[in-house]
Every structure is written in structure tokens, then in C-alpha cells.
Amino acid sequence: MALDLREGLLLGLGNPLLDISATVDSDFLNKYDLISNNAILAQEKHKPMYDELIEHYKADFIAGGSVQNTMRVAQWFLKKPRVATYMGCVGMDKYSKILEDKARADGLNVRYQYTNQEPTGTCAVLITGNERSLCANLAAATCFSRSHIEEPENKDLIEIAEYIYISGFFLTVSPETIQAIAQHAFEKNKMFMMNLSAPFLCEHYKKPMLAALPYVDILFGNETEAETFAKENDFQITSRKEIVLKLSQIEKMNRKRQRIVIITQGSKNILVAKDNTIIEFPAMKLPEEKIVDTNGAGDAFVGGFLAQLVQGRSIEVCIKCGIWAAAQIVQRSGCTYEGKPTFSP
């Protein structure tokens, strides 16, 4: 192993959400005006649903939110607790207590910011048959402020981290935190990584995204996000390989290493731009009946990747572990896993 796996090596910042997962019937969906196989942000009419799920259905609680999922999966592979630290904002309520207990049980060092302005963010995962409907109420997650990273203990955790990962979703919450962390990573020659996360971010949060991009050493995303980014930024090319290559060539602050861009395409090959060339990796094809839930597959892919990266493994091994991790997660409900990972490079 090329690197001592010490506590605090990896740092993630994002929007913590408690997934409240339950099997319901179509009447429940109709009651809250929801449709299966969809994902939306909660409106006022959806707010009572979360307590109803807890009180009247056999609801499972899963520590969720994109980056928190990624950090949990990384911890699963790393086996040693607290290698990964996670920051995000939660409310002062029963949900944040459940969220923290779940994340800590998975070995994550949780450093939440607490707000009394909003309740902890939740995401209802409503299961009907083998279909799912997601309804997220970001709430407290949107209250994260830069002051949190200035607190001495958190500042120390940022200082000792060598690998830093944020989601594009965090652009909607605290761009100034992202810029501060990115600048720190640049000055200390740390690995700074980001995810495009969703097409709407490439469209509506273009300014903060373009401000962060020059600092990004490794960029993740899927095919729809990459294509939306290319369209919004007038790349004038439609070939996915060319888009991935161009993303890797956007101006970069740290000249000590070239940007690596990793774009997944569902069950198709993963495209990787590295050293001005494109490498392709075949995704793991699973029989249809084995796929339970694709929610969290992208988060798991990055988690598997990061677990190998912080151990000094090659990009090839990192990608293969990412593919393996995603294949495990889609065979379960939510971003969950069990037992010890059996991945071998």
C-alpha cells in the first residue's frame, strides 16, 4: 500500500439528507400527487408525508445525500474508521440524530453544522413494486455557511485532508465555501474533486460551476450532465468522447497535474479523459432481475473510486473498484451494502 491510511485523509462536503424509505401503495402516491420512477423537490403539500411514513409505515432510515453516500461507500472499502470526514448542515431535531448515528456506524467522521432555522433535510423514498418515487426536502442542508469551515476543529480537519470531494449539488448551497476550499487545495497541492451531479446545475448554476472548475483535478459526471454542460457552454460538439476530452482541457489552476474527467453512461462504457487521450472501461452488465434500485449507483461509483485513490492505486484500479461498487449498490434498495467488500484489483 502506497499510503498510510490515516484518519482525515479524505474530506467530503455536501447536503446531508435522511432517506426515509418505505413500501407504499399507489393511493399513497396519489394522495401526495407523486408519480413512480420520478424525483422531485418537496413542496408545502408534501411536508406532512415524512411523519406519516414514520408513524404508519415500516420505514427504514438510511443516511443519504450524494456526498455522504459516497463517503460511506469509501469507508466500507477502507475498513478503518474515520479515514473520511464529512461536512454538511442539519437541523436540531430527531432526524439529525438518526442521520449522525447511521453515518457514524458506517465509520464516517461526521462534522455537521447545526441550524435552528430549518429541520434536517429528508428524502422520502416511496417504493411501489420495484419502482421508486423520490421526494427531497433539502431544508437545513441549504443553511450551510462558510463560518463552519473557519471553526478551529474543522479548519484542522481541512488542513489534514489530502483528498477533497464536493458534489455539484453543493453549488446551490454555498459557492463561497467551495471557492475557499478549492483555493486551499490549490495552494497546498491537494487533490480537489467535483461531480457535475445533475443537468439542471449545468444550466442554472453555471457561474459558480465555472468558477470552481479551474481548481478541479478530477471531474465526475454522467452522459446527460456532460452533454448539458457542453450545450450550455457552447462546445459546438456532440461526440461524447470529444466532450469529455474538452472538459479535461478547460483551463486549470494547478499545472502540476492535468485534469482527469470520468463520465459514466449507465450500462455503456465509462469514458475517461487522461493525458489528452480517451480510455474506455466496460461497465459491469447485470441481468435485469438482479437490479433492485439504481438510485445511489453514481454515488457508489465515486465511493469505490476514492477508496482506491487515497491508497495510491492507479486510475485503472480506481475505476474498476467504482464499477464494482456501483454493481453492488444497484442490487439493493437505496445506497446500502452488507458484509465486507470482496473487490480485488
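In what order do the strands of the open sheet of 9 strands lie?

A: The model is predicted, so that local features need pLDDT of at least 70 and side-chain atom pairs count only at pLDDT 80 or more, while totals for chains, interfaces and linings use all residues. Residues are numbered from 1 along each chain as its sequence is written, and side-chain values use heavy atoms, with hydrogens and water left out.

The open sheet has the order S6-S5-S1-S9-S10-S11-S12-S13-S14, and its pairing is mixed. Strands (E, at least two residues) and helices (H or I, at least four) are DSSP runs, numbered from the N terminus. Two strands pair if DSSP finds at least two bridges between them. Strands of a sheet pair through backbone hydrogen bonds, either parallel or antiparallel. The edges are formed by strand S6 (109-115) and strand S14 (277-281), each of which pairs on one side only. From one strand to the next, the twist averages 20°.

Strand S1 (residues 10-13) and strand S9 (residues 163-167) are joined in the parallel sense over 4 bridges. Here leucine 10 stands opposite tyrosine 163 in S9.

Helices lie across the sheet. Helix H10 (residues 223-232) lies across strand S10 (191-195), strand S11 (218-222) and strand S12 (260-265), at about 105° to S11. Helix H12 (residues 297-309) lies across S1, S9, S10, S11, S12 and strand S13 (268-274), and runs at about 160° to S11. For these angles, axes are lines fitted to C-alpha atoms, for helices over the stretch in contact (heavy atoms within 4.5 Å); the angles run from 0 to 180 degrees between N-to-C directions.

A nonpolar core is a set of buried Ala, Val, Leu, Ile, Met, Phe, Trp, Tyr and Cys residues joined through side-chain atoms within 4.5 Å, where buried means under 20% relative accessible area (1.4 Å probe, protein chains only). The largest such core has 71 residues, and those with the most contacts inside it are Met49, Ile262, Phe305, Leu309 and Ile319. Helix H13 (residues 315-329) supplies the largest share of this core, 10 residues. Leaving aside neighbours within four places in sequence, isoleucine 319 is in contact with Ile262, Ile270, Val272, Phe281, Phe301 and Phe305. Apart from this core lies another, of 42 residues, among them Leu13, Ile164, Ile178 and Tyr215.

Terms used: Buried means under 20% relative accessible area, exposed over 50%, partly exposed in between (1.4 Å probe, protein chains only).
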